[in-house]
Amino acid sequence: MTVRVKRTFEFDAPGERVWEFIADPAKRAGAISVVDRFDVADDGRHATWYLELPIPLVRSTVTVETEDIEVDEPTHVKFVGKSRVMRVTGEHTIEERDGGSRLVNEFIVDGRLPGVEAFFERNLDRELDNLEAALRREFEATA
């Protein structure tokens, strides 16, 4: 079973400000609650996420190697993350609108162990809420 979620956020901030956040692998990873820590490579396109998943069959930290595979500055970034327990694809597209911008987010999680997809099916919407909240905090801090 594959979990797919698509959500759209509306912001009063211009697309360039959304891009500054969403194109940064560290900021994206930092917004996800199950990412315990992360490392970003010097090239800025690769990152390693260390996940703490509350799943019975996963008793240790899960390492997910991510790579930005499509970057069309300043409107689109797509990344893929691979690990022994799952594959995740995330795509973020910024659209300009009157006085602000829209961020379209799409995530696909393919679990490789029992419980992974069920966990993300229950929690992926909440993780997108976390992403939206992190963006809004960023805009408030730099307003």
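This is a dialogue on how to read some features of a predicted model.

Colleague: Where should I begin with the strands, and in what order do they stand in the sheet?

Modeller: Begin with the sheet as a whole. The seven strands form an open sheet in the order β1-β7-β6-β5-β4-β3-β2, and the pairing is antiparallel. β1 (2-11) and β2 (35-40) are the edge strands; each has a single partner strand, so one side of each has no neighbour in the sheet. From one strand to the next, the twist averages 20 degrees.

Colleague: How many bridges join β1 to β7?

Modeller: There are 10 bridges between β1 and β7 (residues 100-111), and the two strands run antiparallel. Individual pairs can be picked out along them. F9 has L103 of β7 as its bridge partner, and K6 stands opposite E106 in β7.

Colleague: What is to be seen in the hairpin of β6 and β7?

Modeller: The general idea comes from backbone angles. Most residues other than glycine have a negative phi, and most peptide bonds are trans. In this hairpin, two residues lie between the strands, and G99 has a positive phi near 75 degrees.

Colleague: Where is there a cis peptide bond?

Modeller: Look between E73 and P74, which are joined by a cis peptide bond with omega of about 5 degrees. P74 belongs to the loop between β4 and β5. β4 and β5 form a hairpin through three residues, and seven bridges join the two antiparallel strands. Within that pairing, T66 stands opposite G81 in β5.

Colleague: Is β5 largely enclosed or largely open?

Modeller: To read this, count the buried residues along the strand. In β5, six of the seven residues are buried, so the strand is largely enclosed by the rest of the structure.

Colleague: What about E91, buried or partly exposed?

Modeller: E91 is also placed in strand β6, but at 22% relative accessibility E91 counts as partly exposed. Not counting residues up to four places away in sequence, E91 touches E70, H76, V77, K78, V104, N105 and E106. Take V77 from that list: E91 and V77 are 14 residues apart along the chain, and their C-alpha atoms are separated by 5.9 Å.

Colleague: Now the helices. Which strands does α1 lie across?

Modeller: Helix α1 (residues 15-22) lies across β1, β4 (62-72), β5 (76-82), β6 (86-97) and β7, at about 165 degrees to β6. Helix α3 (residues 116-141) lies across β1, β6 and β7, at about 15 degrees to β1.

Colleague: How do I describe the way two helices pack?

Modeller: Two packed helices are described by the angle between their axes and the distance between the axes. Here the axes of α1 and α3 come within 10 Å and cross at roughly 120 degrees. That angle makes α1 oblique to α3. The crossing is right-handed.

Colleague: Which residues make that contact?

Modeller: On α1 they are R17, V18, F21 and I22, and on α3 they are L131, A134, L135, E138 and F139. By kind, seven of the contact residues are nonpolar, none is polar and two are charged.

Key: Residues are numbered from 1 along each chain as its sequence is written. This is a predicted model: local features need pLDDT of at least 70, side-chain atom pairs count only at pLDDT 80 or more; totals for chains, interfaces and linings use all residues. Side-chain values use heavy atoms; hydrogens and water are left out. Two strands pair if DSSP finds at least two bridges between them. Helices (H or I, at least four residues) and strands (E, at least two) are DSSP runs, numbered from the N terminus. Axes are lines fitted to C-alpha atoms, for helices over the stretch in contact, and angles run from 0 to 180 degrees between N-to-C directions. Contact means heavy atoms within 4.5 Å. Angles under 35 degrees count as roughly parallel, over 145 as roughly antiparallel, 65 to 115 as roughly perpendicular and the rest as oblique. A crossing is left-handed if the near helix is turned anticlockwise from the far one by less than a right angle, and right-handed if clockwise. Ala, Val, Leu, Ile, Met, Phe, Trp, Tyr, Cys and Pro count as nonpolar, Asp, Glu, Lys and Arg as charged, and the others, Gly among them, as polar. Buried means under 20% relative accessible area, exposed over 50%, partly exposed in between (1.4 Å probe, protein chains only).
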